[in-house]
Amino acid sequence: MLIDSHCHVLSEEYDDPNNIIKETLNSMVDKIIINGYDLKSSIEAVSLSEKYENVYAAIGIGPENVCDINDDIIEKINMLLTSNKVVAIGEIGLDYYWTKENKESQISVFRHMLKIAKKNNLPVIVHCRNAFKDTYDLLKEYNVNGILHCYSGSVEMAKSFIDLGFLLGIGGVITFKNAKELKDVVEKIDIHNLSLETDSPYLSPEPYRGKLNKPENVMLIAKKIAEIKGISLEEVINITGKSVCTKFDL
Ligand code: NI
């Protein structure tokens, strides 16, 4: 089963999310998980997921949208959780690449989100950039698992997240010529610990690098992984699809 476990079809880059969803479901892609990143996109992700059978939602407040979490926000998130199409809390996490200045608020929002995941027994979809130590410590503290989205760390770090029960989300970067460290990760880590994702509309794989990304490009990522690992495309699609279905109960 070919699954894009991380896309943002609600991005303003697309004219209409319904069109991109229909196009995706008419391609080789079987299922997608739309990731929210703030309250508005989370609400919209849930309503889209309820409209299409093979579309699921992850909801949460991400590191680029930190805000003061109040009772009103928590109540709205709790209401969204009543939908059985919500399969994860995400995308949430820490990003110290753009700025470290709001580190404390990022951590505070992340803690709130992890608490919700724990309380509702849901997996998480985690964004982590230049913040591996803090992310690891918090995920361990809350004892949650899920997907580490757009994985960009070392093989050693990968193993420690896998020990926590995480899949490593592999996206378009794997097709880039200069992705030496990520290729090393894909080569050395068991396919059972990987998941496929596009992060559409961002991070288009080659040969579309720099252009608008679409969930159907997840096939190009599957092909690249098959090539690097020297296994068949079917194996990559079947094994990663099964892992994601199991992890998120799809
Ligand atoms: Ni994302």
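Predicted model: local features only at pLDDT ≥ 70, side-chain atom pairs only at ≥ 80, totals over all residues.
Buried here means under 20% relative accessible area, exposed over 50%, and partly exposed in between.

**Stop 1: strand S2**

Select residues 31-35, which form strand S2. Lys31, Ile33 and Asn35 point one way from S2, Ile32 and Ile34 point the other way, and all are buried. In a regular strand the side chains alternate between the two faces of the sheet. Since 5 of the 5 residues of S2 are buried, this strand is largely enclosed by the rest of the structure.

S1 and S2 run parallel and are joined by 3 bridges. Isoleucine 3 stands opposite lysine 31, and aspartate 4 has isoleucine 32 as its bridge partner.

**Stop 2: the whole sheet**

Now display every strand. The sheet is open and consists of 8 strands, in the order S1-S2-S3-S4-S5-S6-S7-S8, with parallel pairing. Which strands are at the edges? They are S1 and strand S8 (194-196), each of which pairs on one side only. Viewed along the sheet, neighbouring strands are turned by 30° against each other on average, with direction ignored.

**Stop 3: the nickel ion**

Centre the view on the nickel ion. Its protein donors are His6 (NE2), His8 (NE2), Glu91 (OE) and Asp199 (OD), which lie 2.1 to 2.4 Å from the ion. Along the chain these donors follow the spacing H-x1-H-x82-E-x107-D.

Why is the arrangement of the donors irregular? The 4 donor atoms subtend angles of 83 to 168° around the nickel ion, which makes it so. For a tetrahedral assignment, all angles would have to lie between 85 and 135 degrees.

Most residues other than glycine have a negative phi, and most peptide bonds are trans.

**Stop 4**

Select residues 103-119, helix H4. This helix has 17 residues and reaches 24 Å from its first C-alpha to its last, close to the 24 Å expected at 1.5 Å a residue. H4 lies across S4 and S5 and runs at about 160° to S4.

Which residues of H4 are buried? They are Gln106, Ile107, Val109, Phe110, Met113, Leu114, Ile116 and Ala117. An α-helix has 3.6 residues a turn, so residues three or four places apart point the same way. The buried residues of H4 pack against helix H3 (71-80), strand S4 (86-95), strand S5 (124-129) and helix H5 (132-142).

Next, select H5. This helix lies across S4, S5 and strand S6 (146-149), and runs at about 155° to S5.

**Stop 5**

Just after H4, asparagine 121 takes a positive phi of about 55°. Asparagine 143, in the loop between H5 and S6, also has a positive phi of about 55° although it is not a glycine. At 56% relative accessibility, asparagine 143 counts as exposed.

Move to the loop between S8 and helix H8 (218-229), where proline 201 is placed. Serine 200 and proline 201 are joined by a cis peptide bond with omega about 10°. Leucine 203 lies in the loop between S8 and H8 and has a positive phi near 50°. Its relative accessibility of 32% makes leucine 203 partly exposed.

**Stop 6**

Finish at methionine 1, in the segment before S1. Methionine 1 is partly exposed, with a relative accessible area of 39%. Beyond its neighbours within four places in sequence, methionine 1 is in contact with Asp30, Lys31, Ile237, Asn238, Gly241 and Cys245.

Key:
Residues numbered from 1 in each chain as written. Heavy atoms only, no water. Helix = DSSP H or I, 4+ residues; strand = E, 2+ residues; numbered from the N terminus. Expected span 1.5 Å × (residues − 1). Buried < 20%, exposed > 50% of the residue type's maximum accessible area, 1.4 Å probe, protein only. Contact = heavy atoms within 4.5 Å. Donors = N, O, S within 2.8 Å, 3.2 Å for Na, K, Ca; no water. Tetrahedral: all angles 85-135°; square planar, octahedral: opposite > 155°, others 65-115°. Pairing = 2+ DSSP bridges. Axes fitted to C-alpha atoms, helices over the stretch in contact; angles between N-to-C directions.
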